[in-house]
Amino acid sequence: MKTASVRSTKPKDKKTDLSELALKPTNGFKFNIDSDPESLVTSILNHLKYTLARHPNTATRRDWSLSTSMAVRDRIMERFIKTMDAHNEENTRRVYYLSLEYLMGRLLSNNLHSAGLFEATKKALASLGLSLEGLCDEEVEMGLGNGGLGRLAACFLDSLATLELPAIGYGIHYEFGLFRQEILNGKQVEHPDNWLQFPNPWQVMRPEYATEVRVYGHVENHFNDLGEGFPAWVGAKTVLGVPWDLPICGYGANTVNFLRLWESRASEEFDLAVFFEGGYVEAVREKAEGETISKVLYPNDKTESGKELRLVQQYFFVSCSLQDIFRRYRNLNAGWDAFSEKIALQLNDTHPSVAIPELMRLFIDVEHLEWDQAWEICQRVFGYTNHTLLPEALEKWSVPLFKKVLPRHLQIIYEINRRFLEEEVEAKWPGDNRKKGELSIIEEGNPKKIRMAHLSVVGSHSVNGVAALHTKLLKSRLFPDFHELYPGKFNNKTNGITPRRWLKACNPHLSELIDETIGSDWPVDLDKLRGLEKFADDKDFQQRFMDAKRRNKETLASIIEELCRVEVDPRAIFDVQVKRLHEYKRQHLNLLHILTLYRRLLNDPDYDIHPRVFIFSAKAAPGYDLAKTIIHAINAVGAVINNDSRIKGKIKVVFLPNYGVTLAESIIPSADVSEQISTAGKEASGTGNMKLALNGAVTIGTLDGANVEILEEVGEENIFIFGHTVEEVEKLQRKGYNPFDIYYADEELRHAVDWLGSNHFTPEEPYALASLRRNLLEGGDPFLVLADFDAYRRTQREIDLAYRDKERWTRMVILNTARMGKFSTDRTIREYAKEVWRLDPLPVEP
């Protein structure tokens with residue numbers, strides 16, 4: 001297998017009368033820089049010549065892509081400057097979104113749609129003999145995120161700008177992304193994701209706002225002129241945070257917010273004296289160490305040095321961000337009384353939660369506020385979003401490591417904890433030391449650990465889950481005592497997706513049909529898709545809807561052949577499971593079902609099923625061995641099945657490498673079946689389920705995460721639900737779950753499990769997949785794969801039968817698209833703005 005290749009070719013010279021191409025921006029925007037095709041051509045050619053120093057006759061497609069992006073950026077930046085002027089003039093309240101990752105995807109197409117420049121740019125490029133689609137393919141995805149957490153953050157930024165809400169995102173300007181995945185001999189191989197190898201046309205460096213951050217050192221007790229003692233953080237190392245800004249263009253609005261990303265640098269580039277003495281390596285050592293902080297997204301934390309780097313990363317970006325917020329606040333305000341009226345800070349999971357003690361440090365040690373005033377401000381400005389129900393995924397830092405990296409912050413956390421336990425927990429549960437131990441921010445043990453989720457709950461005025469079921473379980477299972485202590489603090493904000501990227505831009509065939517049928521304003525009011533319901537039984541509309549699906553499937557079939565060297569039939573069911581690789585998401589449940597189908601077909605080549613292509617794509621964390629074994633298993637099984645002529649091509653299995661936003665934009669519009677099969681109670685929300693359903697895929701899923709709300713919206717007749725519920729999972733585990741009982745009772749399942757654990761699929765590496773069998777049996781099947789297998793198998797048979805009833809299936813598909821209005825991030829952000837951030841829109845004049 002290989003990752004997608006990038007081809008650079010010189011376009012053919014084609015001259016057109018540009019005066020015939022006059023076109024106003026499609027969304028009614030007004031620019032001082034003209035945005036008609038003729039003006040765009042001029043800008044593109046100017047950037048090609050004066051920015052990139054290229055002649056049109058020798059320019060590559062990448063050159064043309066860059067110059068086109070720069071021409072678009074010019075027009076967006078004009079709106080950005082107006083937006084910032086309007087926000088500063090009003091001294092407006094802003095939300096600052098703190099996230100360790102942002103999975104942005106390619107930006108050219110999305111920005112063209114948002115800025116109302118898509119058609120004008122398409123015509124301008126056509127006049128130059130260029131294809132807009134081809135130039136969009138040249139863009140490199142920014143290596144700033146990994147999974148659903150980062151993609152949600154990107155969708156939120158899109159909605160904040162579209163709704164004209166003043167907002168700034170903060171994160172890290174990683175030099176390398178998570179990794180570029182290659183599948184070699186069926187196994188995941190990680191390569192550096194050097195996304196900055198070529199220029200990025202969207203980002204703007206802001207060295208004038210560079211910020212110093214201190215780490216390490218120790219705390220001493222110093223005295224002021226009055227003889228009063230105070231803690232002093234001394235002996236610290238200093239690194240520099242240099243900001244890069246990325247404009248975030250609102251759709252159908254004139255607002256352009258921005259994402260500020262911090263790059264780490266040494267505070268001193270190198271020691272010139274040591275260099276002249278011949279110590280060339282030593283002279284640049286500090287520079288190399290400083291740059292390490294923002295070097296890579298999610299360093300492997302299986303080692304102590306990896307854990308330390310992660311903690312330094314998290315502190316680096318929140319300290320830079322808070323100091324930047326302080327600078328901006330001071331420019332417009334005197335004193336700190338208005339801080340909580342002008343500032344809202346949202347923690348995207350616990351990664352930025354060290355911002356709580358950092359804000360306290362800045363107020364107490366730097367600004368010399370009293371503790372009570374500082375803590376009151378802190379609790380009023382912070383909101384915390386929880387994204388996981390897995391206890392092992394809740395961040396905890398060992399106290400010795402924290403003391404090494406952030407000694408002053410450790411003191412502050414201990415003081416926060418002391419006051420919390422003595423003043424709040426003691427008042428609620430007098431004398432209950434067990435309760436104090438359960439709620440304490442400090443977890444006892446050897447070593448002691450800091451519970452960052454507890455710190456986030458205590459330090460915030462709002463704690464929200466990301467789906468109704470998730471929030472219910474937060475209150476009842478994960479944080480029941482906190483909910484009892486703070487009954488008004490917990491709330492739900494069901495996740496969403498931006499329809500601008502996840503339908504309008506990525507699925508033009510379907511989008512054009514929707515525009516023709518109900519009008520073109522649905523991207524900013526997704527509830528208007530309900531207007532499609534009355535066409536669900538219309539034969540002509542059904543045909544056109546499925547024609548759009550077929551064209552998308554043909555495109556994906558070509559990509560599969562290019563990347564996997566497997567030929568698939570677009571007339572087959574495209575059964576899709578694309579997401580981060582984790583045991584609880586249960587890609588191996590899907591694989592066991594594939595093995596049962598394969599065995600049936602071997603026993604009876606005429607076994608009656610509709611042809612199906614099982615499509616996987618996922619990355620496993622480099623240190624997650626079992627997840628990487630699942631990837632190996634999928635590829636090993638696929639290699640055997642795809643080359644077995646005895647089954648007549650009735651099933652095929654493909655694993656598309658290097659999953660990211662761009663690949664998802666090709667897979668999701670093509671899907672017939674959406675696999676959302678996590679163990680009930682483990683998935684916080686999921687957003688892939690929303691993207692797939694919005695694009696006309698029918699879900700097979702458990703009652704987990706947002707699947708519950710998708711069921712409520714689309715209706716039980718338009719979704720396939722199976723498996724144990726949360727309550728049933730808990731009952732089964734209390735009773736004592738023994739996977740061997742199911743293994744011995746189900747012959748077909750037993751054969752599949754044993755087959756997987758044998759050397760049949762990996763003869764060159766005997767028993768390479770045996771750890772999967774051990775996990776399911778001797779390992780206790782922690783995510784109940786065997787417990788849900790029979791229900792999953794039966795439900796998959798129902799899907800096969802339903803797909804053959806073309807009229808019924810097409811109706812289901814249309815109603816899935818029509819009823820997904822709830823799952824726009826515009827709805828989610830409106831709820832945050834009203835109920836958490838107290839934030840009002842500020843329209844920007846064109």
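User: I'm new to this structure. Where does the charged end of Lys553 sit?

Analyst: Welcome! Keep in mind that this is a predicted model. The charged end of Lys553 sits over the ring of Phe574, and the distance to the ring centre is 4.8 Å.

User: How many aromatic pairs does a search of the whole structure find?

Analyst: The search finds 26 aromatic pairs. To read one, check the angle between the ring planes: under 30 degrees, a pair counts as stacked. Take Phe740 and Tyr744: their ring centres are 6.0 Å apart and their planes meet at 25 degrees, so this pair is stacked.

User: Where are Phe740 and Tyr744 placed relative to each other in helix H29?

Analyst: They are four residues apart in H29 (residues 739-745), so about one helical turn separates them. Phe740 is partly exposed, because its relative accessibility is 22%, while Tyr744 has a relative accessible area of 56% and is exposed.

User: What about the rings of Tyr832 and Trp837?

Analyst: Their centres lie 5.0 Å apart with the planes at 15 degrees, so this pair is stacked. Both Tyr832 and Trp837 are buried.

User: Which residues do ring pairs link into a cluster?

Analyst: Here ring pairs join Phe326, Tyr329, Trp336, Phe339 and Phe363 into a cluster.

User: What does the side chain of Glu263 make a polar contact with?

Analyst: Its partner is the side chain of Trp244, at 2.8 Å. Setting aside neighbours within four places in sequence, the residues in contact with Glu263 are His173, Leu240, Gly241, Val242, Trp244, Ser294 and Phe316.

User: Now the helices. At what angle do the axes of H32 and H33 cross?

Analyst: Helix H32 (residues 785-804) and helix H33 (residues 806-818) have axes that come within 5 Å and cross at roughly 105 degrees. Angles of 65 to 115 degrees count as roughly perpendicular, and H32 and H33 are therefore roughly perpendicular to each other.

User: Which residues meet there?

Analyst: From H32, look for Ile799, Ala802, Tyr803 and Arg804; they meet Lys806, Arg808 and Trp809 in H33.

Technical notes:
Residues are numbered from 1 along each chain as its sequence is written. This is a predicted model: local features need pLDDT of at least 70, side-chain atom pairs count only at pLDDT 80 or more; totals for chains, interfaces and linings use all residues. Side-chain values use heavy atoms; hydrogens and water are left out. Rings of Phe, Tyr and Trp (its six-membered ring) pair if their centres lie within 6.5 Å; planes under 30 degrees apart count as stacked, over 60 as edge-to-face and the rest as tilted. Helices (H or I, at least four residues) and strands (E, at least two) are DSSP runs, numbered from the N terminus. Buried means under 20% relative accessible area, exposed over 50%, partly exposed in between (1.4 Å probe, protein chains only). A charge sits over a ring if NZ of Lys or CZ of Arg is within 6 Å of the ring centre and within 35 degrees of the ring normal. A polar contact is a pair of N or O atoms within 3.5 Å; within protein, one must be able to donate a hydrogen and the other to accept it, and residues adjacent in sequence count only if both atoms are side-chain atoms. Contact means heavy atoms within 4.5 Å. Axes are lines fitted to C-alpha atoms, for helices over the stretch in contact, and angles run from 0 to 180 degrees between N-to-C directions. Angles under 35 degrees count as roughly parallel, over 145 as roughly antiparallel, 65 to 115 as roughly perpendicular and the rest as oblique.
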